[in-house]
Amino acid sequence: MQAVPTIKSRPVYPPVEIDPSVQQHLFIAEAGAFSALSQLYESCEGERSCWVVGAAGKDKLPKGCHFIDPHAMSDAFGELFDKLPVSSNLYVAGIREAFLWDIHQLAIKAGLAGEQVKKLKPLSNERAFVLHPLLHPDRRG
């Protein structure tokens, strides 16, 4: 008899819904992945903001969404997360799983609780974690 492994190799990404009781909704997508957030963004009736990490042009964005350079995201999002009210949710979409977890790590570092970070299932099955040197300064090459 073979033991059943208890460790899952891939995180489970449950469906994400807008919580109408939340005061501030922040949407962050990797360039090329905003389409995964667009329906949630449009259905959100509360205070909201939207950021896309990467070059402009890959996504059709609603008015008021902003592009941010990947090299500036650590500082920019760190400041942004620090200013969020306690009643906030962060919705994250990415092509790669690594992007989701990099944003998650920035949010946790800024004081958000894990349950405030709503990660959508990544759009690709790419598992390679490319460590962004600005997010992981101790692992620069």
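**A friendly tour of a predicted fold**

There are three helices and five strands in this protein, and the model we are looking at is a predicted one.

Biologist: Nice to have the model open! In what pattern do the helices and strands follow along the sequence?

Modeller: The protein holds three helices and five strands.

Biologist: What share of the residues counts as buried?

Modeller: The protein has 141 residues. Residues under 20% relative accessible area go into the buried class. Here that class takes in 42%.

Biologist: And what percentage of the contacts with a separation of 6 or more comes from residues 24 or more positions apart?

Modeller: Contacts here are heavy atoms within 4.5 Å. Among those with a separation of 6 or more, residues 24 or more positions apart account for 65%.

Biologist: How many nonpolar, polar and charged residues make up the contact of helix 2 with helix 3?

Modeller: Helix 2 brings Met73, Ser74, Phe77 and Phe81, which meet Phe99, Ile103, Leu106 and Ala107 of helix 3. Sorted by type, the residues of this contact are seven nonpolar, one polar and no charged.

Biologist: What is the C-alpha to C-alpha distance between Phe81 and Leu112?

Modeller: Leu112 is one of the residues that Phe81 touches. In sequence the two are 31 residues apart, while in space their C-alpha atoms are apart by 7.6 Å.

Biologist: What about Ile108: is this residue buried, partly exposed or exposed?

Modeller: Ile108 is found in helix 3. Beyond residues up to four places away in sequence, Ile108 touches Ala113 and Gly114. Ile108 and Phe81 are 27 residues apart in sequence, with 9.2 Å from C-alpha to C-alpha. At 37% relative accessibility, Ile108 counts as partly exposed.

Biologist: Which residue has its backbone oxygen 2.6 Å from a polar atom of the Ser88 side chain?

Modeller: Ser88 lies in strand 4, residues 88-93, and at 2% relative accessibility Ser88 counts as buried. Leaving aside neighbours within four places in sequence, Ser88 is in contact with Val22, Gln24 and Gln116. The backbone oxygen 2.6 Å from its side chain belongs to Pro85.

Biologist: How far apart are the C-alpha atoms of Asp19 and Ser88?

Modeller: Asp19 sits in the segment before strand 1 and is partly exposed, with a relative accessible area of 30%. Leaving aside neighbours within four places, Asp19 is in contact with His25, Asn89 and Tyr91. Asp19 and Ser88 are 69 residues apart along the chain, and their C-alpha atoms are separated by 9.5 Å.

Biologist: Which residue joins its side chain to that of Asp19 in a polar contact?

Modeller: A pair of N or O atoms has to lie within 3.5 Å to qualify. The side-chain pair in question is at 2.6 Å, and the partner of Asp19 is Ser21.

Biologist: One more, please! What distance separates the C-alpha atoms of Pro70 and Ala55?

Modeller: Pro70 is found in the loop between strand 3 and helix 2, and at 30% relative accessibility Pro70 counts as partly exposed. Ala55 is 15 residues from Pro70 along the chain, and the C-alpha separation is 8.7 Å.

Conventions:
Residues numbered from 1 in each chain as written. Predicted model: local features only at pLDDT ≥ 70, side-chain atom pairs only at ≥ 80, totals over all residues. Heavy atoms only, no water. Helix = DSSP H or I, 4+ residues; strand = E, 2+ residues; numbered from the N terminus. Nonpolar A, V, L, I, M, F, W, Y, C, P; charged D, E, K, R; others polar. Buried < 20%, exposed > 50% of the residue type's maximum accessible area, 1.4 Å probe, protein only. Polar contact = N/O pair within 3.5 Å; in protein donor to acceptor, adjacent residues only side chain to side chain.
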